[in-house]
Amino acid sequence: MTTVTATEKVIEPVVRRGSEPRRRSDVGRVLTQVFMIVITLAWITPILFALYVALRPIEETNRDGYVSLADRLTLANFTNAWRQSEMWTFFLNSVYITVPAVILTLLLASMVAFVVARLNFKFNIAMLILFTAGNLLPQQVIITPLYRLYLAIPLPGFLSESGLLYNSIFGLIVINVSFQLGFCVFVLSNYMKTIPPEIDEAAIVDGASLWTRYRRLTLPLCRPALAALATLLTTWIYNDFFWAITLISTGNRRPITSALANLQGQFVANQNMIAAAALIAAIPTLVVFVLLQKQFIRGLALGATKG
Amino acid sequence: MSDSFSRRSALRRLGGAAVLAVTPGALLAACSSGDQGGGAPSGSGSGGGNPTGPITFGSNYSDAAPKDAFAALTQAASTKTGVQVTINTVDHNTFQNNISSYLQGTPDDLATWFAGYRLQFFAAQNLLEPIDDVWEKIGGNFNDATKSLSKGIDGKYYLVPIYNYPWVVFYNKSVFQQRGYTVPKDWDAFIALCKQMQTDGLIPLAFAEKDGWPALGTFDILNLRINGYEYHIKLMKHEVPWTDKGVTAVFDKWRELMPYLQNGANGRIWQDAAKALENKQAGMMFQGSNQVAANYAEANLADLDFFPYPVINSEHGQDYMDAPTDGFMLPKKAKNKDAAKKILEYLGTADAESTFLKTDHWDVGVANGLVAPTYNEIQKKSVQAISDCKAVAQFMDRDTVPDMATAMIKLIQGFIDNPAPATVEALQKSAEDQAKTIFTT
Amino acid sequence: MVATTDRVTGPPAAPRRRRWRGARTLSTRDKWVLAGLLGIPLLLDLAFVWIPALGSVLLSFTKWTGVGSISLQPCGSRPTLPGIPEPGCVYGVQNYNQAFTVYPDFWPAVLHNAIWLLVFIVLATPLGMLLAVIIDRGIRGSRIYQSVLFLPVMLSLALIGIIWELIYSPNYGLLNSIIGRTSNENLIDWLGDPNLNLWAILVEATWRQAGYVMVLYLAGLKALDPALREAALVDGANAWQSFWRVTFPVLKPINIVILVVTVIESLRAFDLVYISSKGNVLNGLELLSVLVTQNIVGETQRIGFGSTLGVVLLVISLVPISIFLYQVFRKEART
């Protein structure tokens with residue numbers, strides 16, 4: 001097929017990458033390594049310190065402060081946090097919200113991006129600005145009218161116990177998708193512009209339909225961007241607390257972020273345990289990142305061979 | 001790759017259909033939402049419901065200990081009334097911040113809340129249901145002060161109280177014994193004690209203000225000691241201007257105190273200040289008992305003691321203090337009001353309070369003459385300290401419009417940064433300017 | 001399909017920016033597909049983002065606690081009980097007037113947003129790009145570097161709040177402990193001191209922003225045709241020259257993404273401050289979006305006033321970015 005050959009032509013040199021920068025001097029290489037190691041250490045220290053605190057009993061840190069040698073390390077804070085906050089329920093809520101929202105956002109955004117980046121219409125610029133600018137709005141600015149809107153939109157009972165978009169997980173998915181769309185359209189359309197137009201030309205010669213050009217040609221080539229966006233979207237939507245606290249009023253329908261808030265408490269703050277809970281809550285995003293990182297790094301090459 | 005895409009397309013079909021089904025309604029509603037404003041959504045009628053429940057109970061008792069106490073309380077209420085209760089716990093801060101949209105949305109049948117202006121504010125906006133019929137039955141359990149705290153501006157009842165707690169000066173008995181300190185009765189003795197502590201290498205007063213509200217307590221108590229309760233209430237209602245010299249006097253006294261307050265307060269969470277007291281690095285700390293005592297390790301609790309804030313103006317002596325009261329309210333949009341009222345009738349009894357206080361060792365009940373069998377020394381002393389007062393205030397963020405309290409938090413933090421007379425002058429002017437926009441229509 | 005073939009015969013010499021013009025080449029089915037591709041996302045964006053945004057603009061001319069409905073009467077025309085807010089009413093431009101004059105936090109917020117933007121443009125974003133370029137060269141350990149540097153972006157706000165509380169806490173924090181400033185006499189109040197706290201928060205923000213920019217840029221670099229760079233290296237350019245002469249210009253669309261993201265993030269910045277100052281706004285940490293939040297999401301709401309601040313923020317961010325994007329996109333469309 002013409003499409004495959006066209007893609008391969010672009011992709012082929014990737015295989016050779018990695019063996020290329022032989023020219024750099026050893027000094028340069030060492031300096032780069034030192035720089036990266038210093039930065040990396042600086043970046044991870046705060047996180048490791050939180051982990052250290054989470055592994056210590058609060059009685060000990062209250063007495064000796066956080067910066068002290070530990071008498072003993074224990075997982076008690078982690079197990080207590082898990083139990084006390086009924087984290088499992090909230091985990092599931094987060095999954096129900098995040099998975100559909102990320103997939104829908106990427107899908108819808110890639111559709112718009114395809115039209116504005118790969119086709120030539122007069123309204124393209126206006127479209128792009130409409131979506132991109134929509135992303136500039138801070139959440140707080142639209143929440144009041146949105147709240148009224150959510151109270152006014154009825155939903156069938158199987159989607160929402162309250163019978164409204166308000167206080168339903170479905171409603172939370174809708175707003176997360178709508179709100180993240182703008183950014184993804186913007187980023188994806190810019191990536192799509194870096195794909196050589198010859199690929200489309202070849203496809204058109206082949207008589208490919210619009211759908212085929214979107215689905216079979218453009219999407220596979222956007223894999224690095226899609227993987228990067230999927231990682232970002234997952235962390236944003238998973239970690240969102242704003243929509244959750246303003247549009248959901250039933251405590252146990254809220255996502256993981258509010259389980260953490262439950263642990264913060266009003267008057268007694270067991271920082272060690274909260275740190276433990278927050279670290280547990282971070283695990284899913286780390287998993288997603290590790291999984292997508294592979295896609296992300298090999299993305300383009302894979303897209304070519306299988307596209 | 002192909003499998004991930006097919007999964008995606010399956011979900012896409014699902015999601016796409018759902019989205020299509022919803023959006024036309026969304027657009028219609030958007031057009032009409034402007035003039036309808038607070039238009040009631042379906043389902044939440046007025047009154048009625050099944051008198052035996054079930055009901056849901058919105059709770060902001062998210063900390064482990066009060067959460068257990070609250071569960072025990074609703075369990076007892078359920079047993080007594082036959083109404084089944086489901087608790088909907090939301091963390092304290094979120095609950096508070098979203099109260100307005102919570103009450104207008106799909107609220108539970110009952111909810112936890114606070115006494116004072118903070119209650120009246122929402123009652124006057126027609127978001128709460130009056131519960132005079134409940135009070136006909138429980139009225140005898142409470143004194144007049146508690147009754148008036150539970151009423152709205154219209155004179156109707158809106159709250160059933162459960163407990164309160166005093167704002168007092170905490171210290172460790174062992175430190176006072178070892179060093180031979182005595183409890184100061186008046187301002188001069190207080191300052192002298194602070195000086196002594198400083199020479200002894202102690203931080204005289206542990207202090208934290210990162211959370212915003214703790215320093216409001218210091219303002220309140222100085223104001224109550226210097227100007228009295230009437231003045232406090234008038235100031236909170238903006239019947240006295242913030243530029244008044246009574247307010248200047250409060251900050252003048254506070255300036256005298258500044259050298260003895262723990263440094264770096266604006267960046268410290270109050271738990272760290274309580275730690276300084278518990279670890280005996282600090283000599284005293286002025287805050288609410290349900291914070292300091294609740295934060296103490298069980299083993300150290302026996303060493304903790306308190307005294308009411310020293311006398312500054314003999315005209316007012318130690319007649320007043322902040323003793324915030326918490327309780328329960330009935331949202332206007334509750335679905336099952338009859339059952340909710342049955343629960344409230346139980347909650348307004350000494351028996352209910354005792355049940356709650358079994359696991360809560362820092363608050364005290366408000367029913368007449370209640371001495372819960374589980375009271376510890378701090379609680380017993382708290383009851384005494386509160387009943388010694390001629391009147392108790394609720395705390396600045398409960399006695400005035402919350403916007404005003406927010407404005408004051410910021411201004412007071414500025415004062416802590418730089419307690420110069422010029423700061424106070426600018427502060428008072430800014431407070432008054434903001435009060436005018438907040439209070440006048 | 002036949003109709004399309006003659007269009008391919010254009011001059012092969014300059015095909016880079018050529019795209020296929022208009023809907024004329026589309027079949028009926030393609031047109032339906034096109035309508036679906038655009039229609040659904042557009043509907044969502046309009047219904048749940050733009051219509052509420054428009055609503056907020058209207059609300060900025062009212063005085064409203066968020067309770068009940070808004071009447072079309074001017075404020076002050078109905079009597080109210082002392083201390084109890086009037087039901088929603090029309091307030092004209094009074095909110096704007098108050099924001100610019102009485103409200104003490106407004107101008108500091110504008111200044112702090114500007115500082116934030118400057119630090120991001122000068123420090124955080126270039127750092128993220130640099131990290132991406134280094135990692136893209138496939139140096140040893142780049143997978144580990146990439147993962148660690150991206151970590152902060154993935155953490156929840158709650159965790160970030162705790163992490164930095166543990167670092168900056170005046171008496172018990174890591175930072176003061178290391179430099180020996182934990183006693184009551186010499187402690188440094190990183191988050192409380194209005195001269196320091198913005199910078200302390202900017203350290204947190206850079207910690208997160210660099211990883212964010214790194215990942216976006218890295219995805220751009222991955223999509224780049226490496227043949228280009230190789231050609232430059234063969235021509236005798238060193239790594240530095242090859243980046244500036246070849247990679248950077250070719251990545252123009254991605255650079256625009258990065259620039260816009262930087263501006264957006266600086267103007268929208270809110271969560272770090274919000275979590276670090278426990279929902280209050282500490283002196284020295286005023287930011288426009290934090291002020292919007294404080295007024296709109298709170299126990300008692302000043303919806304009208306908060307919306308006004310929101311509209312100001314919108315105008316500051318939307319107008320320049322829209323103009324910028326319009327010019328960029330139009331230039332692209334022409335070439």
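These legends walk through several close-up views of a predicted model.

**View 1. Chain A, taken by itself.**
Let's start with the make-up of one chain. Chain A has 14 helices and one strand. It runs to 307 residues, and 58% of them count as buried. Take the contacts in chain A between residues at least 6 apart in sequence: 76% of these join residues at least 24 apart.

**View 2. Where chain A touches chain C.**
Here 101 residues of chain A are in contact with 94 residues of chain C. On chain A's side, the most comes from helix α14 (residues 271-306) of chain A, which puts in 14 residues. Sort the chain A residues on this side by class and you get 66 nonpolar, 26 polar and nine charged.

**View 3. Two helices of chain C packing together.**
Now we look inside chain C, at helix α4 (residues 106-136) and helix α11 (residues 252-268), whose axes lie 9 Å apart at an angle of about 140°. That angle is why α4(C) counts as oblique to α11(C). The crossing of α4(C) past α11(C) is right-handed. From α4(C), the residues taking part are C:Asn113, C:Trp116, C:Leu117, C:Phe120, C:Ile121, C:Thr125 and C:Met129. They meet C:Ile258, C:Thr262, C:Val263, C:Glu265, C:Ser266 and C:Leu267 of α11(C). Between them, the two helices bring eight nonpolar, four polar and one charged residues to this contact.

**View 4. A covered helix in chain C.**
Staying with chain C, this view picks out helix α13 (residues 288-296), which is mostly covered, with nine of its nine residues buried. Among those buried residues are C:Leu288, C:Val290, C:Leu291, C:Val292 and C:Ile296. The buried residues of α13(C) also include C:Ser289, C:Thr293, C:Gln294 and C:Asn295.

**View 5. The two domains of chain B.**
Over in chain B, the domain assignment gives domain 1 (8-164 + 325-393) and domain 2 (167-322 + 401-440). Where they meet, twelve residues of domain 1 of chain B are in contact with 16 residues of domain 2 of chain B. On the domain 1 side, α16 (377-387) and β12 (391-393) of chain B each supply at least two residues. The most comes from α16(B), which gives four residues. By class, this side of domain 1 has seven nonpolar, two polar and three charged residues.

**View 6. A helix crossing in chain B.**
Here helix α2 (residues 64-81) of chain B and helix α14 (residues 337-347) of chain B cross at roughly 115°, and their axes come within 9 Å. The two helices, α2(B) and α14(B), are therefore roughly perpendicular to each other. Their crossing is right-handed. Look for B:Ala77, B:Lys80 and B:Thr81 in α2(B), which meet B:Lys342, B:Ile343, B:Tyr346 and B:Leu347 in α14(B). By class, this contact has four nonpolar, one polar and two charged residues.

B:Ile153 counts as partly exposed because 16 other C-beta atoms lie within 10 Å, while a buried residue would need 20 or more and an exposed one 12 or fewer. Leaving aside residues up to four places away in sequence, B:Ile153 touches B:Gln120 and B:Ala124, along with C:Leu81 and C:Ile84. As for B:Ala350, it is 197 residues from B:Ile153 in sequence and 26 Å away in space, C-alpha to C-alpha.

How values were computed. Residues numbered from 1 in each chain as written. Chains lettered and ligands numbered in written order. Predicted model: local features only at pLDDT ≥ 70, side-chain atom pairs only at ≥ 80, totals over all residues. Domains from an automatic or database assignment. Contact = placed C-beta atoms within 7 Å. Nonpolar A, V, L, I, M, F, W, Y, C, P; charged D, E, K, R; others polar. Axes fitted to C-alpha atoms, helices over the stretch in contact; angles between N-to-C directions. Parallel < 35°, antiparallel > 145°, perpendicular 65-115°, else oblique. Left-handed = near helix turned anticlockwise from the far one by under 90°.
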